[in-house]
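This briefing covers aromatic contacts and backbone geometry. Have the sequence and coordinates open as you read.

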Amino acid sequence: MKKVFKIIGILLLLCVAILIAIPFVLESKIDTIIQNYADENLNADLSFDDISLSLISSFPKAEISVDNLKIINRSPFENETFATAKYLTFEMPLGELIKNDNEPLIINEIIADELLLTLKTNRNGSVNYDIVKESINPNKLKSETKSNGFSFDIENYELNNSAFTYSDEISNINFYATEINHNGKGIFSGGLSELDTQTEARISMSIDSSNYLNNNIIKLDALIDLDLEQQKYTFKDNKGFINALPLEFEGFVQLVEAGQDINIRFKNPESSFKDFLAVIPEAYAKNIENVKTTGNFTVNGVIKGLVSETTIPTLDINMRSNDASFKYPDLPKSVNNIKIDASIKNMTGNLDDTFVDINKLDFKIDEDEFKSEAHIKNLTGHMFINANLDGILNLANISKAYPIALENQLSGILKGKITTAFDMNAVETNAYQRIKNNGSVSLTNFVFSSEDIVNPIQIN
């Protein structure tokens, strides 16, 4: 019996020795495979600091790690960084390491840490992400897809502490996603499969220097049906969050020849007015879990149509609230009689035809009542604004009802009844003849003090 255990021990030590030694033999082969694949398929320069292979920690699978990967663009974005990753880890069956060079390499798991991806469109319409080489001979491409490369049979993937940037100089759209943590489990092979994903990130978006999202927290738990043959991805049992606002959604995204066909419907599952406060960035909302609210708030929408070089999906997004109120526990005043009727629409699929209608935005603080409406057209071009404002504001009450940290003294009674119509280009170019204002404004007992001003400003 002792001999049996001795033989088993020797075999185990031999296996461990082999597992330790194999990486040193195979690392150069993996390095060559990756570099050859990049040279043959990418119109960009790929580099990395180090590549390592481990058979111990991931046994019975092999684990390949790549440190400080970089992809640098060529002309017309020469020497600009397209993507970087501090660490990339791939996991695959051990048998994949002894395949011939002309057989695809199957990968089961991918983990990326601190991936930074930048997508750009310049003023000439060139894009920096068109880095895959086009095949001159389609028959050659067909034969090459059966050899030399990778085959993904992914059971798990992760994206940790990463960031994404999109910049379009033509439409002046900028989109940023930071602190991205995303993971998914599922099988990517076969005609039909299912993917279970979780995502958290902070996103910002601006169009023509106007901020529509500013470091908003996004969370998404999505169960997705994958139809890889039809390139159709169907969402089911999905729940997302914008800051703390919960949203349920359903629909699909399908890749077609002209772009992406989208059909998504969403709504908030609850109807508390606290859902509206949840949309406000956390820095301004200040502990909304302790805020007392009354009234309802609903948001729902449909995003449907083709995303292409010339079109966007049609939009029909609506927000409603009636006779709502909120009060912060550590502030003396409350905001009451809140009424909201707003929508974002695009009926044509043309980006320039997107418009916002704020048909009603009313509220009351103490006995001061404020009513307003605004209509905004041509969001991506020379924005046109038509608005009506009617009400009274006691400036000192603003910080008593809403958690705004004012470093300076501010007080006074502002009364106004105004109708205004103008386009932003007229404001920027001082074309005052295109700015039409009607009505009256009065300010009484106004006081403003600041460290930069020796004596406070007073207007009786």
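Strand β7 (residues 173–186) contains Glu179. The model is predicted.

**Backbone geometry**
- Most residues other than glycine have a negative phi, and most peptide bonds are trans.
- Glu179 has a positive phi of about 50 degrees, although it is not a glycine.
- Glu179 counts as partly exposed because its relative accessible area is 46%, which falls between the 20% and 50% cut-offs.
- Asp323, also not a glycine, has a positive phi near 50 degrees.
- Asp323 is found in strand β14 (residues 314–327).
- With a relative accessible area of 44%, Asp323 is partly exposed.
- The peptide bond from Ser75 to Pro76 is cis, and its omega is near 10 degrees.
- Pro76 lies in the loop that runs between β3 (61–73) and β4 (81–93).

**Aromatic rings**
- Rings pair if their centres lie within 6.5 Å, and the count by this rule is nine aromatic pairs.
- One of them joins Phe273 and Phe276, with 5.3 Å centre to centre and 35 degrees between the planes.
- Phe273 is buried, at 1% relative accessibility.
- Phe276 is partly exposed, at 25%.
- Ring pairs link Phe273 and Phe276 into a cluster with Phe297, Phe326, Tyr328 and Tyr402.

**Charge over a ring**
- The charged end of Lys232 sits over the ring of Phe252.
- The distance from that charged end to the ring centre is 4.4 Å.

Key:
Residues are numbered from 1 along each chain as its sequence is written. This is a predicted model: local features need pLDDT of at least 70, side-chain atom pairs count only at pLDDT 80 or more; totals for chains, interfaces and linings use all residues. Side-chain values use heavy atoms; hydrogens and water are left out. Rings of Phe, Tyr and Trp (its six-membered ring) pair if their centres lie within 6.5 Å; planes under 30 degrees apart count as stacked, over 60 as edge-to-face and the rest as tilted. Buried means under 20% relative accessible area, exposed over 50%, partly exposed in between (1.4 Å probe, protein chains only). A charge sits over a ring if NZ of Lys or CZ of Arg is within 6 Å of the ring centre and within 35 degrees of the ring normal. Helices (H or I, at least four residues) and strands (E, at least two) are DSSP runs, numbered from the N terminus.
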